[in-house]
Amino acid sequence: MAKAYKMFVGGSFVRSESGRYVQVRGSPAESADPQVVNVPRGSRKDARDAVVAARAAADGWAARTAYNRGQILYRLAEVMESRAGELRASLVRAGVPTRDASREVDVAVDRAVYYAGFCDKFQALLASHNPVSGPHFGFSLVEPMGVVAVVAPARPALLGLVSAVLPVVAGGNVCVVVAGADDPRTAVLWCECLATSDVPGGVVNVLTGEAAEIAPHLAKHREVAALDAWSADRALLVALERDASGSVKRVRTHDETAASRIASDAGQGLGFIETFLETKTVWHPVGT
Amino acid sequence: MGGEITKRKRSQDLAAPGGTSPASPERGRNLETNGVLEYAPAPEAIDHVRIAPRQDLFIAGTWREPRAGKYTAAISPSTEEQLAEIAEADERDVDDAVRAAQRAHEKYWSKSRPAERAKYLFRVARAIQEKARELAIVESMNGGKPIKESRDVDVPLAAAHFFYHAGWADKLDLAFAGRAWRPLGVAGQIIPWNFPLLMAAWKVAPALACGNTVVLKPAETTPLTALLLARIVEEAELPPGVVNVVTGAGATGAAVAAHPGVRKVAFTGSTEVGKRLQHAVAGTKKRLTLELGGKAANIVFADAPVDQAIEGIVNGIYFNQGHVCCAGSRLLVEESAHDLVVRKLKDRMALLRVGDPLDKNTDVGAIHSLPQLRKIEELVASGEKEGADRFSVSCALPRAGYWFPPTLFTGVAQSTRIAREEIFGPVLSVLTFRTPEEAVEKANGTMYGLSAGVWTDKGAKLFWMAQRLKAGVVWGNTYNKFDPAAAFGGYKESGFGREGGRQGLSAYVELS
């Protein structure tokens, strides 16, 4: 039976409010999918709805203990591994050679495990006690920024998505993601992993469609605190940086060379988490 | 540098009626002193300070006239007298400075041993301490801030910033949780007029410690102490071009930010200019940090130690005439404590001494400039028009110079301009709340997120608040504390990046 591919917003699989679609081609491989499937083409309104869903989930996700967030991401890794065959087949269907697809899924699972274990560690690496000159106790700690917009790399479709999203949510943020246009079906399949792994609805929201159409609205949106954009389209990255300046958004852009390194150890690390954290410094007098 | 004037002419207008300077507050409002507690004038002696009448650009280790030969006047805001003529750098001068910084980076600074870089910075810190009195006097003359603040806050903190960052120069391998680092190159740094020397120190010290070289653009109106810092850098024999100072107005700053040789732009100033800068830098791959405006909430619970809170509120908003990005300009008081807090606050405000910045008893100095004074007056008028109740300290103000009496508004609605817009002056808006949740919601209900204050006797409540306030600095039972070891910077439209602490270093390195 052929499956309808939908976007993932607020924990539900939804069609675009615009009723538009894009057609994605690929060899049917093991699935029941036909040669051509219709995937929602997300709109500005979809992006805004996704921000509302993300915002609603933000405080709850940030308030969970780091240990709990770590367990949920580890559960995600378990689910991804249990569905490894399906993820592999989906990549192959989109033109990735079988051996590369296997490796991509393996690395993606490892990456989920990596960030699961990071949820309660980065704070200790980034916070400080501040030895101020005076009778004060002072410290600086890190906090999530809130809603982060992610423009996922087109390729690798699964590992790129996982590598962009997981450090953001490991840090306690929620996100609105524009999936890569090359292989949105794999992105939707990954959302099915999210939906069955205790990640609360709204923490990760994934839109399909054209990044050049959707992302500028996210870059301008005042409820979006930061933007992580992976794209080979240099003009789009520059435009997003400009759009983001209107609300002093934190922006990190990555070009194709960054995407090409994503499978290596350079594709993960503390820096990916740190980029989407704020530092808060707290002072209090000491005395009797 | 040509002839020098030896002494600043003291304005004859400065003394308030009765001959006291600074202007004495309205007497007998609350303390019946019968004049016994009148302060005699206590002017800081300035005879050993000489300000060169013409100030040039510091590029590649030499003092140079601007190519266009253009100079503008630096004015004392407390007397309106001209202090010096300041060179106005154009694009060609900026290009010279950036090239000098690039050469210095390639030739000397990136190749110098980290321990040697540290020694240079330690030497700069020492020289600031040696010249502390001169720096404090010039800062107060040029900026209008009380000498007790420039002497006890601005200058010692500037020295501390160099001393602190000096020690990082040879320990950076330990600073980034095992990640490799390298310097960025030339840092273009644009600083504001409210803390001219301190902001220069905040910017220059970490940049140099991390192996970058610097083109510094001081504020148009307050370049004098940055130029004295350049003199110190020269005397400390830093290699030529490691620090360059180009003076001028907004166009000079824009030229610094736009120069392709600049790899990092650091800006402190208004949110409006910060947004323009972020837009201009988009697509250049330049690193950017922004320290922008604020509208901080200073939150007082009914269980707070009231007298300490009053001191903190006064310090929070009237420090440096309120020309402070993190000023506690919105006072949120728990409703049951409102009347008590406002009464005590008014009593305390009546004792503030407004006047000559060079008088050691002065609490509140001159408003920085005429345009700033007009902006404050305009916003205060809007507050009255929007229905808030105004209270201004009744005190005699000097006739020359720019002055505004310490002011507060009660009955302020969250939607009014004085509750939302940064006034950047000695004007406090008082609002009330009933529950901690409401306090958090009101405090966070702004596009800014630089700082916040919380006053309560309950530790658990203080941390509960601190966790929920969207602000880069939270002061608990204190306010306006700064230290080079403590990161400072904003959430939301108050900017991004941190200055100070280990966290501030990452703005000046490329991590891999």
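A salt bridge here is a side-chain nitrogen of Lys or Arg within 4 Å of a carboxyl oxygen of Asp or Glu. Keep that in mind for the exercises below.

This is a predicted model, where local features need pLDDT of at least 70 and side-chain atom pairs count only at pLDDT 80 or more, while totals for chains, interfaces and linings use all residues. Residues are numbered from 1 along each chain as its sequence is written, chains are lettered from A and ligands numbered from 1 in the order in which they are written, and side-chain values use heavy atoms, with hydrogens and water left out.

**Exercise 1. The interface**

Task: Describe how chain B meets chain A, from the totals down to one residue pair.

Solution: 
- Start with contact, meaning heavy atoms within 4.5 Å: 41 residues of chain B touch 37 residues of chain A.
- Next comes buried area, the accessible area (1.4 Å probe) that two parts lose on being put together, summed over both. Between chain B and chain A this is about 3100 Å², with 49% coming from carbon and sulfur atoms.
- Now look for charge pairs: there are 3 salt bridges between chain B and chain A.
- Then find the elements, where helices (H or I, at least four residues) and strands (E, at least two) are DSSP runs, numbered from the N terminus. On the side of chain B that touches chain A, two or more residues each come from helix H8 (271-281), helix H14 (459-468), strand S18 (473-476) and helix H15 (501-505) of chain B.
- Finish with the strands, which pair if DSSP finds at least two bridges between them. Strand S12 (residues 277-285) of chain A runs parallel to S18(B), over 3 bridges, and A:Val282 sits opposite B:Val474.

**Exercise 2. A valine in a strand**

Task: Is A:Val174 buried or exposed, and which residues surround A:Val174?

Solution: 
- Locate the residue: A:Val174 belongs to strand S8 of chain A. That strand (residues 174-178) runs parallel to S9(A), joined by 4 bridges.
- Apply the cut-offs: buried means under 20% relative accessible area, exposed over 50%, partly exposed in between (1.4 Å probe, protein chains only). With a relative accessible area of 0%, A:Val174 is buried.
- List the surroundings: beyond neighbours within four places in sequence, the contacts of A:Val174 include A:Ala54, A:Trp61, A:Val148 and A:Val203.

**Exercise 3. Salt bridges within a chain**

Solution: 
- Take A:Glu78 and A:Arg75, whose closest N and O atoms are 3.2 Å apart. They are 3 residues apart in helix H2 (residues 66-82) of chain A, so about one helical turn separates them. A:Glu78 is partly exposed at 38%, as is A:Arg75 at 35%.
- Turn to A:Glu143 and A:Lys280, which meet at 2.9 Å, N to O. Because A:Glu143 lies in strand S6 (residues 136-144) and A:Lys280 in strand S12 of chain A, this pair ties together parts 137 residues apart in sequence. A:Glu143 is buried at 10%, and A:Lys280 is buried at 1%.
- In chain B, the side chains of B:Asp93 and B:Arg64 meet at 2.7 Å, N to O. This pair joins helix H1 (residues 91-109) to strand S3 (residues 62-64) of chain B, tying together parts 29 residues apart in sequence. B:Asp93 is buried at 0%, whereas B:Arg64 is partly exposed at 22%.
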